[in-house]
Amino acid sequence: MNSAAEPVLVVGGLEVRYGDARAVFGVDLEAPAGHVVAVLGPNGAGKSSLAAAITGRVPPAAGKVVLAGHDVTGKSASSISRMGVAYVPEERAIFPHLTVQDNLRVLLRFAVPRDDRAAAVERALEMFPILAERRRQQAGTLSGGEQQMLALARVLAAPPTLLVADEMSLGLAPRLVDLVFESLEKARDEGVTILLIEQYVERALAFANEAVILRRGRVVWRGPAVDAHAELVAGYLGSEG
Amino acid sequence: MGPYILSGLVLGSISAVSVLGLVLTYSSSRVFNFAHGAMAYFIAVLYWWLTDDQGWSVWPAAIVSVLVVAPLLGLFLWAIVFRRLTHATPVVRFVSTVGLWVAIPALARIIFPIISAGSDVQTRGLGGTPPGQFDVLGVTVNWNQATVIIGAAAVAVGFTILMRFTPLGLMTRAAVDSPRVAAIAGINPSAITAISWMLGTMLAGLAGVLLSPLLGISEIQFTLLLVVSLAAAVLGRMTSIPLAFGGAMAIGMIQGLSEKWESANLGFVEFSLDGFKPSVPFVLMLIALLAYQGLRREQFEVDLRAGPTEEEVAPAARLTGWKAAIGPIAVALVLLSVPIWLNDFWIGVVSQGVALGVLFLTFTVVTGEGGMVSLAQVSLAGIGAFTAAKLATDAEWPVWLALLAGGAVAVPIGLLLAGLTLRLGGLYLALGTLAFSQLLRFTVFGRDDFDNFGSGVAIDRPEFLGIDFSISGGRDNFYYLLVIVFMVAALVVVNLRRSTTGLVLTAMRSSEQAAATTGISILRSKLIAFGTSAFIAGLGGGLFAVSFGRATNVSFEVLVGIVWLAIVVTWGVRSVLGALMAGILYVVVSPPTDKLSFIFVIIVVFAMMGETARLIGSKAIYTARGALLGVGVLAVGITAIVLLLPVEIELSEKAKEVPTLLFGLGAVFLARQPRGVLFDVMNRIRLRQLQRERQLADGATAEAAT
């Protein structure tokens with residue numbers, strides 16, 4: 001991997017506020033192309049707020065978000081999405097009342113060139129046979145795991161520049177967690193840069209290149225994922241003192 | 001039978017086109033557009049102006065009105081109002097669209113001076129003038145009717161194709177399903193909403209253009225169009241387009257067929273069916289609401305990006321002890337001094353306003369404290385008024401006792417209504433109470449012994465303790481009586497707010513679920529609020545009738561009630577002073593006279609808007625700037641009233657629409673800044689202070705860290 005290349009994501013001095021409450025204080029973050037950066041931290045550390053600010057769902061109060069050299073600070077979620085950022089949140093990014101096929105058509109619409117749209121939908125359906133079987137079923141009637149497959153199918157059918165995976169494995173059966181990580185590996189092998197927010201610390205560290213640990217909205221540790229050994233992480237993630 | 005089926009089919013087709021627009025805009029933005037009929041009216045008036053005044057032929061006029069101007073109107077209104085409403089409270093959403101409902105027709109009459117408020121004109125139809133005719137199965141159909149049916153069918157087919165088979169339809173369905181996920185997928189939800197408002201307005205406009213050659217352009221017809229659309233939307237559970245379309249057709253058919261029978265003879269009793277046709281939409285709406293109860297609540301995802309853009313700080317702490325009394329005493333002094341600086345005519349007008357202020361406290365309780373939008377309060381007031389008038393005039397009870405009885409009679413009916421509708425949330429409660437209220441109007445108030453061919457029932461002014469309250473000698477006394485009644489009622493409301501019930505209601509407004517989990521009985525508190533508000537409505541209705549000398553149906557029409565609620569909310573629905581100001585404002589602007597002074601008064605009144613009430617009684621007024629602002633506004637207001645009231649200038653037809661327009665704009669303003677101008681100003685000042693404090697605090701933290 002060429003770490004000298006321009007990083008896909010650069011976050012500088014990012015601050016997120018909800019009214020008077022501050023969730024993220026001056027966070028710096030860098031994700032080189034093709035790397036997996038794990039963002040770890042206890043509940044309320046500001047992980048999801050960070051993801052929300054990067055993907056444009058919450059306007060940052062201060063700081064910068066630069067995507068492949070373009071400043072996207074304060075841009076809307078839809079325009080950031082069109083710049084090649086896929087966001088897969090824990091709470092299933094699908095349309096419950098549309099069919100599986102229509103879901104993919106919408107999710108892939110701005111992710112692939114016009115003449116590849118139909119083919120991309122078919123690619124996505126092929127990846128998970130269960131989805132192909134249920135292509136005319138409303139997505140809301142799928143099980144939790146199948147819904148997450150739908151979200152993953154979108155990512156794999158049209159690899160984004162940056163994937164922000166926010167607690168994707170939350171609430172899934174172990175077999176499905178395996179599937180999520182297998183899919184993420186596939187995506188990484190396709191060259192997707194991944195910002196991985198995870199509760200399965202061990203698995204996340206085994207998978208990631210770098211790790212960042214957040215606590216109370218600030219970065220308290222950062223370094224290569226291999227250095228983030230068990231005691232160190234436990235020390236940071238343990239109960240708030 | 002044939003002609004009735006045809007007429008039902010035509011009526012149904014027009015409202016089906018209309019409801020499609022209503023459901024589309026609701027689905028995409030969660031704003032239920034009470035101005036839908038008014039938009040149809042605007043486009044119909046434009047169409048009439050083009051064909052009749054400008055000499056255009058019908059098809060170009062229809063195409064320009066429906067396909068060009070209507071979407072632009074929709075886009076414009078979306079940009080200035082609807083866009084901001086998705087994240088507003090249900091009350092603000094409701095009031096803002098009601099404001100447009102009132103303002104748009106006024107605007108249409110200002111722009112196109114060929115039409116006046118009460119007029120009813122036929123336009124030339126698309127089927128030719130006079131329309132050609134042909135026979136189908138022995139029924140004569142004219143081409144205007146045929147155009148309507150063909151138009152509705154074309155809209156249904158076209159709309160289905162658009163939604164099912166085009167990328168725009170797919171993205172619209174996605175954005176309606178989940179705006180949050182749509183944004184993640186790269187769809188701009190605002191663009192989709194804007195497009196749906198354009199389409200929705202086009203459909204409203206088309207309904208208007210189809211309706212006007214058959215039933216004419218009058219506000220009544222377009223209100224009926226709105227009402228049928230509301231009912232059909234409820235039948236379609238607000239979001240199902242096929243169900244709503246079918247519902248509209250069904251209502252049209254039932255209404256059409258009901259014209260066949262004027263009365264129903266059950267052998268032993270004969271019913272008049274006069275009130276049946278207009279009740280159909282409401283009966284169906286009420287049945288549907290009760291049947292759907294609990295099945296579906298108004299729910300939508302909140303898009304964090306689109307949250308309040310202006311940062312707000314908490315209002316200043318309320319005063320305690322003797323200082324708290326300063327505000328109310330000042331208001332009382334101003335009120336009691338009114339007979340000194342106003343002439344007899346205006347004392348009469350202000351008396352009616354104070355009586356209405358008592359009535360408006362019902363909204364302070366049920367909407368302000370309870371957070372519920374009830375549109376039946378006006379009917380409860382009507383019950384109070386008619387009960388009092390009947391008892392005082394026909395049964396010769398003392399007037400004061402009859403008034404109290406009027407309030408008491410309203411209570412069980414209010415509780416019955418509450419029992420029926422309280423489980424419905426937000427918008428559904430509003431529609432349920434609307435239906436209840438209209439049914440009461442058609443089945444009870446419409447009876448001859450109440451309606452009396454529109455003249456109602458007379459009621460005298462009270463006389464007791466030897467004091468003369470009559471018009472001839474005791475005008476001032478009657479005014480003082482009303483002021484005292486208002487103060488007592490206001491005291492009751494303020495104490496209710498401070499009681500346990502008030503606390504429960506406040507908790508409930510923040511989160512009904514959270515309040516319920518603490519073990520308090522929400523139902524009990526809601527019932528107490530509804531019962532109290534019913535009594536106040538009944539008493540206020542009686543007083544209002546006394547101040548007029550009669551209880552009439554015109555005073556207590558449901559639409560009047562909706563406008564009342566809108567005015568109270570614009571002024572501040574949590575404040576008793578807001579209710580009083582709203583009452584006086586309403587009476588001052590509503591009499592149809594040609595005096596310029598009204599316009600000045602309303603401008604002044606808008607300048608003083610609602611927030612003065614909030615300032616009095618909060619510590620903010622004791623800051624130099626707050627006090628200056630309050631005193632200044634009050635001084636300008638009183639000076640303007642004293643100086644300008646005697647000025648009488650003949651007004652043109654156009655200018656007469658201005659107060660209505662201003663009221664509507666007030667509601668639009670509400671959408672932009674739900675808490676009013678003065679709040680905005682104070683908020684900015686306090687925000688700047690807060691920022692300074694924050695910077696200092698941040699500096700201190702940084703220092704401590706190093």
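Which residues of strand 8 of chain A point one way, and which the other way? In this predicted model, Thr193(A), Leu195(A) and Ile197(A) point one way, while Ile194(A) and Leu196(A) point the other. All are buried. The pattern follows a general rule: in a regular strand, side chains alternate between the two faces of the sheet. Strand 8 of chain A spans residues 193-197 and is mostly covered, with five of its five residues buried.

Strand 8 of chain A has a parallel partner in strand 3 of chain A (residues 36-40), and the pairing runs over four bridges. Here Val39(A) has Ile197(A) as its bridge partner. Strand 8 of chain A also pairs in the parallel sense with strand 7 of chain A (residues 162-166), over five bridges. In this pairing Leu162(A) stands opposite Thr193(A). The bridge partner of Leu163(A) is Ile194(A).

Five of its five residues are buried, so strand 7 of chain A is largely enclosed by the rest of the structure. Leu162(A), Val164(A) and Asp166(A) point one way from the strand. Leu163(A) and Ala165(A) point the other way, and all are buried. Strand 7 of chain A pairs in the parallel sense with strand 6 of chain A (residues 85-88), over four bridges. Val88(A) stands opposite Ala165(A) in strand 7 of chain A.

Chain A also holds an open sheet of four strands, with the order 2-1-4-5 and antiparallel pairing. Its edge strands are strand 2 (21-31) and strand 5 (70-71) of chain A, each pairing on one side only. Strand 1 of chain A (residues 9-18) runs antiparallel to strand 2 of chain A, and seven bridges join them. Arg17(A) stands opposite Arg22(A) of strand 2 in chain A.

In chain B, helix 2 covers residues 36-53. At 1.5 Å a residue, its 18 residues should span 26 Å, and the end C-alpha atoms are 25 Å apart, which agrees. Of those 18 residues, 16 are buried, so helix 2 of chain B is largely enclosed by the rest of the structure. Just after helix 2 of chain B, Gly55(B) takes a positive phi of about 70 degrees.

In soluble globular proteins, nonpolar side chains tend to be buried together.

The contact between the chains takes 15 residues from chain B and 21 residues from chain A. On the chain B side, the elements that give two or more residues are helix 6 (167-177) and helix 7 (179-184) of chain B. Helix 6 of chain B gives the most to this side, with five residues. By class, the side of chain B that touches chain A has nine nonpolar, three polar and three charged residues.

Definitions and conventions
Residues are numbered from 1 along each chain as its sequence is written. Chains are lettered from A and ligands numbered from 1 in the order in which they are written. This is a predicted model: local features need pLDDT of at least 70, side-chain atom pairs count only at pLDDT 80 or more; totals for chains, interfaces and linings use all residues. Two residues are in contact if their C-beta atoms, placed from the backbone, lie within 7 Å. Ala, Val, Leu, Ile, Met, Phe, Trp, Tyr, Cys and Pro count as nonpolar, Asp, Glu, Lys and Arg as charged, and the others, Gly among them, as polar. A residue is buried if 20 or more other C-beta atoms lie within 10 Å of its own, exposed if 12 or fewer, and partly exposed in between; C-beta atoms are placed from the backbone. Two strands pair if DSSP finds at least two bridges between them. The expected span of a helix is 1.5 Å times one less than its number of residues.
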